[in-house]
Amino acid sequence: MNPFQIDNSDFQFLLDSIGETVTIDNVEQKAIINNAKIGDYEEKYIYTLSNIQRGNLILHNGKNYIIVSDVTEGKLYKKALMRHCNYTIVVEGQEVCEIVGYNVFGEPIYECHTTESINVPAIVDTYAFKVDDFAAIRVPEKQIVVIVQENETNKNKFTVNATFEVMGKTWKVIDADLTKKGLLILTCELNV
């Protein structure tokens, strides 16, 4: 037997001893969080027994992170790279009207209400999205790349030609890239 080999109960002991409680897609889980290499981004590795995948939103020490890498699945634990969400995009609520009945003339009676605004944690950058490449490509002037979690709400809100505010400016989505499963990668240009 290899004295340096860790089994499942050893990793569970590590989680219980030095692991932290984080929130993974709104569910509290135990994980070990470790700093990644020093670079342009605040990145950390997450080690856990829980199921994780690219695109999971992690809340750690009051900050939002998105898992941006594939998940390395060893025999004991799952490991992935997560990047800090440097902005939160506020998507304003929209007015929704529903038919609640009909008047005596057969005309519809509408009841309108405004949906709640939602906060979308995002990674906003002026470089093309890269996880493992040292030479990221700069996007054209007056453009940004925005990475958000791929989910139905975000896919519906961030469609081509949709606009939103971030960094005190209004941006228009010119491309929505879904090639990295779990991530919605938006190319946006300054809306003038």
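Biologist: Buried means under 20% relative accessible area, exposed over 50%, and partly exposed in between (1.4 Å probe, protein chains only). What percentage of the 192 residues in the chain is buried?

Modeller: This is a predicted model: local features need pLDDT of at least 70, side-chain atom pairs count only at pLDDT 80 or more, and totals for chains, interfaces and linings use all residues. Numbering runs from 1 along each chain as its sequence is written, and side-chain values use heavy atoms, without hydrogens or water. Of the 192 residues, the buried share is 34%.

Biologist: How many strands does the chain have?

Modeller: Helices (H or I, at least four residues) and strands (E, at least two) are DSSP runs, numbered from the N terminus. The chain has two helices. Its strands number 15.

Biologist: Which strands stand at the edges of the open six-stranded sheet?

Modeller: Strands pair if DSSP finds at least two bridges between them. The order is E8-E11-E12-E15-E14-E13, with antiparallel pairing. Each edge strand has a single partner, so one of its sides lacks a neighbour in the sheet. The edges are E8 (87–91) and E13 (163–166).

Biologist: How many bridges join E14 to E15?

Modeller: E14 covers residues 169–177 and E15 covers 183–190. Asp177 stands opposite Ile185 in E15. The two strands run antiparallel, and the bridges joining them number six.

Biologist: Which residue forms a salt bridge with Lys172?

Modeller: A salt bridge puts a side-chain nitrogen of Lys or Arg within 4 Å of a carboxyl oxygen of Asp or Glu. Here the closest N and O atoms are 3.9 Å apart. The pair links distant parts of the chain, E14 and E15, 17 residues apart. The partner of Lys172 is Glu189.

Biologist: Which residues are linked with Lys155 in a network of salt bridges?

Modeller: Glu150 comes to 3.7 Å from Lys155, by closest N and O atoms. Another glutamate reaches 3.3 Å, and sits three residues from Lys155 in helix H2 (152–157), about one turn of the helix. The network partners of Lys155 are Glu150 and Glu152.

Biologist: Does Glu152 count as buried or exposed?

Modeller: Lys155, at 27% relative accessibility, is partly exposed. Glu152 reaches 53%, and therefore counts as exposed.

Biologist: Which residues make the nonpolar surface patch of about 370 Å²?

Modeller: Patches use residues with over 30% relative accessible area and no salt bridge; like charges are joined within 9 Å, nonpolar side chains (Val, Leu, Ile, Met, Phe, Trp, Tyr) within 5 Å. Areas come from the Shrake-Rupley method with a 1.4 Å probe; for residues, only the protein chains shown count as cover. One member lies in strand E10 (108–114). The patch is made by Ile99, Tyr102 and Tyr110.
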